[in-house]
Amino acid sequence: YELPEGAHVRLEIFNTLGERVAILVDEIQTGGFKSVQFSPSHLPSGLYVYRLQAGSYSQTRKLLFLK
């Protein structure tokens with residue numbers, strides 16, 4: 001993801017029941033391009049949802065994990 005300016009960033013993964021299964025980022029970050037590695041080996045295959053929040057911006061998208 002890319003941050004146009006510094007902001008508090010929170011990136012979370014949820015299962016289809018709405019339960020949070022991981023918090024990948026929860027910190028103040030400077031602007032620029034960022035990347036996150038996620039190793040879901042402890043999770044079963046299936047559909048998940050990730051939510052990225054940065055300042056007042058929020059985006060939610062689907063994520064399909066297959067083992």
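A salt bridge is taken here as a side-chain nitrogen of Lys or Arg within 4 Å of a carboxyl oxygen of Asp or Glu. The structure is a predicted model, in which local features need pLDDT of at least 70 and side-chain atom pairs count only at pLDDT 80 or more, while totals for chains, interfaces and linings use all residues. Residues are numbered from 1 along each chain as its sequence is written, and side-chain values use heavy atoms, with hydrogens and water left out.

The protein contains 0 helices and 6 strands; helices (H or I, at least four residues) and strands (E, at least two) are DSSP runs numbered from the N terminus. Along the sequence the order of elements is β-β-β-β-β-β. Along the principal axes, the C-alpha atoms occupy a box of roughly 35 × 20 × 15 Å. The accessible surface amounts to about 4,800 Å², and carbon and sulfur atoms contribute 52% of this area. Such areas were computed by the Shrake-Rupley method with a 1.4 Å probe, and for residues only the protein chains shown count as cover. Of the 67 residues, 28% are buried, where buried means under 20% relative accessible area, exposed means over 50%, and partly exposed lies in between. Among contacts (heavy atoms within 4.5 Å) with a separation of 6 or more, 44% are between residues 24 or more positions apart.

The charged side chains comprise 7 positive and 6 negative ones, and the centres of the two sets lie 8 Å apart. In this count Lys and Arg are positive and Asp and Glu negative, with His and the chain ends not counted; each charge is placed at NZ of Lys, CZ of Arg, CG of Asp or CD of Glu. Side chains of opposite charge can pair when their charged atoms come close. The whole structure holds 4 salt bridges.

Glu-12 takes part in several of these pairs. Its salt bridge with Arg-10 has closest N and O atoms 3.0 Å apart, and the closest N and O atoms in the salt bridge between Glu-12 and Arg-20 are also 3.0 Å apart. A further salt bridge joins the side chains of Glu-12 and Arg-51 at 2.8 Å, N to O. This last pair links distant parts of the chain, with Arg-51 in strand E5 (residues 46–54) and Glu-12 in strand E2 (residues 7–14), 39 residues apart. Through shared partners, salt bridges connect Arg-10, Glu-12, Arg-20, Asp-26 and Arg-51 in one network. Glu-12 counts as buried because its relative accessible area is 1%, and Arg-10 is likewise buried at 19%. Arg-20 is partly exposed at 47%, as is Arg-51 at 28%.

Strand E2 also includes Ala-7. With a relative accessibility of 17%, Ala-7 counts as buried. Leaving aside residues up to four places away in sequence, Ala-7 touches Glu-27, Ile-28, Gln-29, Ala-54 and Gly-55. Ala-7 and Ile-28 are separated by 21 residues in sequence and by 5.5 Å in space, C-alpha to C-alpha.

Definitions and conventions
Buried means under 20% relative accessible area, exposed over 50%, partly exposed in between (1.4 Å probe, protein chains only).
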